Amino acid sequence: MRVLRSALPLVLFMATGADCAPAQSSTESTRLVNVGGYPTRVVELGVRDREAGEPVLVLLAGAGSPLETWQGWLSDVADLAPVVSYDRPGIGGSTFDELEASPAHMVEHAHAVLAALSISPPYVLVGHSWGGTLALHYAGRYPREVVGVVYLDPFDPMEPPRPESGSRVPPGANFPPGLRAEAEAIQTFQDTPIEDRSLPPDPDVPTGVLLGTRIPTGQGPPPWTPAYWNDWMTQRLARYAQLVRGRRDGTLIIASDAGHFVHHDVPALATDLVRTVLEAARERYIHPGAAGLTAPSHELNWATSSRDFL
């Protein structure tokens, strides 16, 4: 485990509702693809020039965030590996599919997007906020496809339900249907006792976590008082230190000068973390012989799957 600290004051922001950063116009090329009969907006860089067996970075945005959340940083990580991202149903430029936005459905939707784009595994999942929870569920549902996970200031799926006075996130009658569905799904998840959340185990793959510790302002409930923040951050740090502790390829970075949108506030740190996980994944799974390693057979089953590419 590697733990890198940047002048840590024990103070994080968890996604509750929309995670959208200020709207920006995307300079990246996007297009619409048909996923289950619904137009879905996607962006992909370097995928068509990818070498055999090269991991693809799959970016999973936070709650309510469109592709624009990756604005600026997308090109940085595209220099490291092929990258793809998309808008979930009813978010950004994707049409709402009228279904519950549960983690299980969002995982199947992500899988369908990759299939529609003919992008084969292996994947390194990069999840921001609620996207981190979706990455966890994806790796649990499709373990043979995932060779690494990067969590960018993630929503903690192990956080207990909050008191009613501080946890409720009203979806809002004026929310677009897709955003309302996602907000309701997150609220349902938060209100469910941990033992009933059907959480998959943390995947045994190279893992990186980047936490921002700057206290949020004007973000709504719960009340982000210093005392509340310190207690919450202490629990959060313990959770993610435990996640990477003892892993051969685990890295935890704590950035005191970053808020919730760590890929905006400290993009170089976020890029370096992705690079670290990618290099570990390549060494551990793609070229195991060079390091004298034997990758688990269940992790290297891609060549015998319906998506042959090795």
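1. Basis. The model is predicted: local features need pLDDT of at least 70, side-chain atom pairs count only at pLDDT 80 or more, and totals for chains, interfaces and linings use all residues. Residues are numbered from 1 along each chain as its sequence is written, and side-chain values use heavy atoms, with hydrogens and water left out.

2. Aromatic pairs. Rings of Phe, Tyr and Trp (its six-membered ring) pair if their centres lie within 6.5 Å; planes under 30 degrees apart are stacked, over 60 edge-to-face, the rest tilted. The count is seven aromatic pairs. W70 and W73 form a tilted pair, because their planes meet at 35°, with ring centres 5.9 Å apart. Ring pairs also join Y123, Y138 and Y142 into a cluster.

3. Burial of W70 and W73. Both are buried (under 20% relative accessible area, with a 1.4 Å probe and protein chains only).

4. W229 and W232. Their ring centres are 5.9 Å apart and their planes lie at 85°, so this pair is edge-to-face. Both sit in helix α6 (residues 226–244), three residues apart, about one turn of the helix. Helices here are DSSP runs (H or I, at least four residues), numbered from the N terminus. W229 is buried at 0% relative accessible area. W232 is also buried, at 5% relative accessibility.

5. Charge over a ring. The charged end of R239 sits over the ring of Y240, 5.2 Å from its centre. The criterion is NZ of Lys or CZ of Arg within 6 Å of the ring centre and within 35 degrees of the ring normal.

6. Helix α2. Its buried residues include H105, H109 and H111. After α2 comes S118, with a positive phi near 55°.

Terms used: Buried means under 20% relative accessible area, exposed over 50%, partly exposed in between (1.4 Å probe, protein chains only). Helices (H or I, at least four residues) and strands (E, at least two) are DSSP runs, numbered from the N terminus.
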